[in-house]
Amino acid sequence: MEVQKGTDDAFKLAKKYKLKVAWGTDILFNPKMTKNQGAILATMTHWYTAPEVLKMATSTNAELLALSGPRNPYPGKLGVVEEGALADLLLVNGNPLENINLVSNPETNFVVIMKDGVIYKNTVAK
């Protein structure tokens, strides 16, 4: 209960003082839980708007990772879509800015998944 209250207070204070917050989760240490990370991301709308959540998990994460210097796991330009940048792209069936819960079910709602320039999923009708 105390951890939950502390988490709530921390996010409220971060938002109040306009602190940059990175999104991440330790569920990645359990491979069976990775399927839930979109749903966990969607719960961030308890404190932030959907656009704020998506920005936090993408460009803000990239900006903050870049601050880790030699420990940066992704040296190169992140958080933008432009030539030469390291970018993973998703094409979502719907608008996650209006319905953040679309990221909760990537199997159904992600129609294109591209990582490092390689397309891993493409269900766009031709």
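Which residues have the most contacts inside the largest nonpolar core? In this predicted model, the largest nonpolar core is made up of 18 residues, and those with the most contacts inside it are Met44, Tyr48, Ile100 and Val103. Helices H1, H2 and H3 each contribute at least two residues to this core, and the largest share, 4 residues, is supplied by H3. In soluble globular proteins, nonpolar side chains tend to be buried together. Valine 103, when its neighbours within four places in sequence are left aside, is in contact with Gly38, Ala39, Leu41, Ala42, Leu54, Pro96 and Phe110.

As to the overall architecture, the protein chain has 4 helices and 3 strands, and its elements follow one another from the N terminus in the order α-α-α-β-α-β-β. Taken along the principal axes, the box filled by the C-alpha atoms of the protein chain is roughly 50 × 35 × 30 Å. The protein chain comprises 126 residues, of which 25% count as buried. Among the contacts in the protein chain with a separation of 6 or more, 44% are accounted for by residues 24 or more positions apart.

Helix H3, which covers residues 50-66, consists of 17 residues and reaches 24 Å from its first C-alpha to its last, a span close to the 24 Å expected at 1.5 Å a residue.

A search of the whole structure finds 2 aromatic pairs. In one of these pairs, phenylalanine 11 and tryptophan 47 are arranged in a tilted geometry, with 4.6 Å from centre to centre and 35° between the planes. Because phenylalanine 11 lies in helix H1 (residues 2-16) and tryptophan 47 in the loop between H2 and H3, this pair ties together parts that are 36 residues apart in sequence. Both phenylalanine 11 and tryptophan 47 are buried. The rings of phenylalanine 11 and tyrosine 48 have centres 6.1 Å apart and planes at 85°, and the pair is therefore edge-to-face. This pair, too, links distant parts of the chain, since phenylalanine 11 belongs to helix H1 and tyrosine 48 to the loop between H2 and H3, 37 residues apart. Phenylalanine 11 counts as buried because its relative accessibility is 18%, under the cut-off of 20%, and tyrosine 48 counts as buried at 8%. Through these ring pairs, Phe11, Trp47 and Tyr48 are linked into a cluster, and Tyr48 is also among the residues with the most contacts inside the largest nonpolar core.

With a relative accessibility of 12%, asparagine 109 counts as buried. The side chain of asparagine 109 reaches the backbone oxygen of leucine 102 at a distance of 3.0 Å. When residues up to four places away in sequence are not counted, asparagine 109 touches Leu91, Val92, Asn93 and Leu102.

Key. Residues are numbered from 1 along each chain as its sequence is written. This is a predicted model: local features need pLDDT of at least 70, side-chain atom pairs count only at pLDDT 80 or more; totals for chains, interfaces and linings use all residues. Side-chain values use heavy atoms; hydrogens and water are left out. Buried means under 20% relative accessible area, exposed over 50%, partly exposed in between (1.4 Å probe, protein chains only). A polar contact is a pair of N or O atoms within 3.5 Å; within protein, one must be able to donate a hydrogen and the other to accept it, and residues adjacent in sequence count only if both atoms are side-chain atoms. Contact means heavy atoms within 4.5 Å. The expected span of a helix is 1.5 Å times one less than its number of residues. Rings of Phe, Tyr and Trp (its six-membered ring) pair if their centres lie within 6.5 Å; planes under 30 degrees apart count as stacked, over 60 as edge-to-face and the rest as tilted. A nonpolar core is a set of buried Ala, Val, Leu, Ile, Met, Phe, Trp, Tyr and Cys residues joined through side-chain atoms within 4.5 Å.
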